Amino acid sequence: MDKFIKNAKYFVLVALIFIIPFFFLNITQEYFVTNKFYLLGFGVLLLLLISTIQFFVSKKMSWEKRGFDNLILLFLTTMAVSVVFSSPNKIQALLNPSFGLVMMVFLGILYYYISRNSFDINKGDPLGSPLHPIIYYLSSIILSLTTIIFFFQPFKNITLPSNFAFLKNPGFSPVGSQLDLAILLGFLLAIGIVSFPRRRESIKSWIPVFTAMTLTINLLALFLTVYSLVKPTGTGLINQAPTLILPPFRLSWFAAVEILKSPQTALFGIGLDNFSSIFTQVKDFAYNQSSLWQINSFTVSRSAVLQIFTETGIFGLTAFGLLIFYVIKQSVRAIHESPLHYILFFYLFICLLILPTSFIVWFLFFVVLAQLSCTDGACPVSTTDLSNLLPIYIGIAVISFLFIGTSGYFLGRSYASEYYFKKSLDGVANNNVKQVYDNQRQAIILNPYIERFRSNFSQTNLLIANNLAQKKAGTITEQDKQTITQAIQASIAEGKAVVALNPQKADGWQNLAAIYLNIINAAQGADVWTISAYQRAILADPQNPSYRVGLGGVYYSLKKYDDALRFFEQAISIKPDWPNANYNYAWANFQKQNYSQAVNAMQNTLRLLDSKLNQGDYEKVQKELDEFKKMLSKEEEKPANKLDKKTQSDLNLPTPPTTKISPKLELPKEASPEAK
């Protein structure tokens, strides 16, 4: 029985280590990291179940001490403390697949199992080692060949089912992002180079040839991947834009420094899964002048180490720093005994230092730590026989089974919610509103703490209300009004749920403002609520010109042109080279009969547009500028309906939504943004 259990652990470990980098499924919104995370979770729970069965049968509890155990436990503890004291949305902080507490705990447990079955330099490579070099070589060949094949888009001209259309993506890789792919290929290349056989007289003749071939295709795959990351948009066989979009290092540093302004955030950070809220606070004028300005926020820091500091504070950074320091200290006297694993460790540490956090990097990091964990020599093993302590034995067994069962249940619910949310997106593609609604509702029932679920469901309810309200005047029945009211209330409730989960994120307030804006002509008080929600969005993201243009647009539609001018002017001061802000400012001045300012603003708009790239917008602005100049010379005339406002362009003049209901619906006070 003991041998069977040991073999079962070995099989699960080998399967996890080999499969996780390649594992993906198209049953969730994000195919790659999400499924890797849940595979890791279920695999670790299976290992715990096997160990619990082993304990249940043998009635003995064994613990084998390893060098990094305490430091890893300390680091995980600081993350848990950060979630408890700082994370607004604690469930989403637990389930974040890039740097969440559950993922890191699972990796910590995986480290425990690998380190107890890994290569020990003092005992030789045991037969049961789950990290045999053949796994690395096989992974390298499969991954490299896949990368090379998909670089040339073999399915480009082939019609595929919608669920497999992702295979046409020139950047497709089972690993996930191109950056993760490059990191993993570099990791495998380092293994191949350091492990290249040198004593030919002691090895078979085909091994150097096989290794050289593996290194060659690995190097080619890495070159193509790096080329894909930095290649600008072009034409031809490989037509793709650069996929390497990283948050600025400068702002990532500012975000880390920002947490020191408060004692709580300095010690515990701003909380896991909360980086985007502080990024919006440190954005500056220079960011708005960059090509990234339309990205409201980043969810990750430029550096994983900076993200550790930002989200877990001084305690988290200290714990991680002690772990790194201990490995470096150990490497001074042990690197000659295990050079490969120390080289891999320093490679991954550099990745964490200069690149954003990712599942793949943390997975490799813990695997390498497990390999290095016993280079100190013999590791003490303590065994406790509980056969004579029946109550303790039964208690531990029951608690273990309950923990595994409960964890599996909630992990399964979370995974099922991702599955149903993906089905709702399929409903969007199929133009099936019922499929969208039912599956989004089921996803929220299974996991009501995911912000994107609630945000999308709010928009779905709003769509249902708008579709009913689009009926011809006089054809809207009392039943329709009741349905519209219920849909609007549900939309608002879901929008408010998003900001309740994390009121520090500006995107949630902007989504709520968009909901209120869409019902201004259908619900009493919606105009005031829209303004209030936009003000909260601006407070959370003060350097975002889009929110100020949005709020100015609300005032414009309410004919409060002085207020509209104020916010359009603020948007211009934040981003002077944005044509749309200048365009709206011009029209607000025009409505105020400030024709001189209107002409200047419209001239600025024209100057900011490219006559070739934005030909339609350019011609539209030129035509409106001519009309403005006429009004400047004839100030006694009112703005006439001479202008073509139906031209489709990116220059949006604020207009109230077309959905109108008379009399307006009266929503309860609970629908206001301030109501709890």
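Reader: Which residue forms a salt bridge with K422?

Author: D426 does. The closest N and O atoms are 2.8 Å apart. A salt bridge here is a side-chain nitrogen of Lys or Arg within 4 Å of a carboxyl oxygen of Asp or Glu. One caution: this is a predicted model, where local features need pLDDT of at least 70, side-chain atom pairs count only at pLDDT 80 or more, and totals for chains, interfaces and linings use all residues. Residues are numbered from 1 along each chain as its sequence is written, and side-chain values use heavy atoms, with hydrogens and water left out.

Reader: Where do K422 and D426 sit?

Author: Both are in helix α16, residues 390-429. They are four residues apart, so about one helical turn separates them. Helices (H or I, at least four residues) and strands (E, at least two) are DSSP runs, numbered from the N terminus.

Reader: Is K422 buried or exposed?

Author: Buried, because its relative accessibility is 8%. D426 is at 23%, so that one is partly exposed. The cut-offs: buried is under 20% relative accessible area, exposed is over 50%, and partly exposed lies in between (1.4 Å probe, protein chains only).

Reader: Why would such side chains pair at all?

Author: Side chains of opposite charge can pair when their charged atoms come close.

Reader: How many salt bridges are in the whole structure?

Author: A search finds 14. One of them joins K505 and D273, at 3.8 Å from N to O. K505 is in the loop between α19 (478-501) and α20 (506-518), while D273 is in the loop between α10 (263-268) and α11 (275-282).

Reader: Are K505 and D273 buried or exposed?

Author: Both are buried. They also belong to a salt-bridge network, together with E451.

Reader: What does K592 pair with?

Author: With D562, in a salt bridge of 3.0 Å from N to O. This pair also links distant parts of the chain, 30 residues apart. K592 is in the loop between α24 and α25 (595-608), and D562 is in helix α23. K592 is partly exposed, at 34% relative accessibility.

Reader: Switching to helices. At what angle do α23 and α24 pack?

Author: About 155°, with the axes 9 Å apart. Helix α23 covers residues 561-574 and helix α24 covers residues 579-591. Axes are lines fitted to C-alpha atoms, for helices over the stretch in contact, and angles run from 0 to 180 degrees between N-to-C directions.

Reader: So what do we call that arrangement?

Author: Roughly antiparallel. Angles over 145 degrees count as roughly antiparallel, under 35 as roughly parallel, 65 to 115 as roughly perpendicular, and the rest as oblique. The crossing of α23 past α24 is left-handed. Left-handed means the near helix is turned anticlockwise from the far one by less than a right angle; right-handed means clockwise.

Reader: Which residues make the contact?

Author: On α23, they include Y561, L565 and F568; on α24, they include A581, Y585 and A588. Contact means heavy atoms within 4.5 Å. By class, there are eight nonpolar, four polar and one charged residues. Ala, Val, Leu, Ile, Met, Phe, Trp, Tyr, Cys and Pro count as nonpolar, Asp, Glu, Lys and Arg as charged, and the others, Gly among them, as polar.

Reader: And α5 with α15: how do their axes cross?

Author: At roughly 30°, coming within 8 Å. That makes α5 roughly parallel to α15. Their crossing is right-handed. M103, L107 and Y111 of α5 are among the contact residues, as are W362, F363 and F366 of α15. This contact has 13 nonpolar, three polar and no charged residues.

Reader: What touches A465, beyond its sequence neighbours?

Author: I484, A487 and I488, leaving aside neighbours within four places in sequence. A465 is found in helix α18, residues 451-469. A465 is buried, at 3% relative accessible area.

Reader: T460 next. Which helix is it in?

Author: Helix α18. T460 counts as buried, at 7% relative accessibility. Leaving aside neighbours within four places, T460 contacts V436, Y437 and Q440.

Reader: Last one. How many helices and strands are in the chain?

Author: There are 26 helices and two strands. Of the 676 residues, 52% are buried. Among contacts with a separation of 6 or more, 72% join residues 24 or more positions apart.
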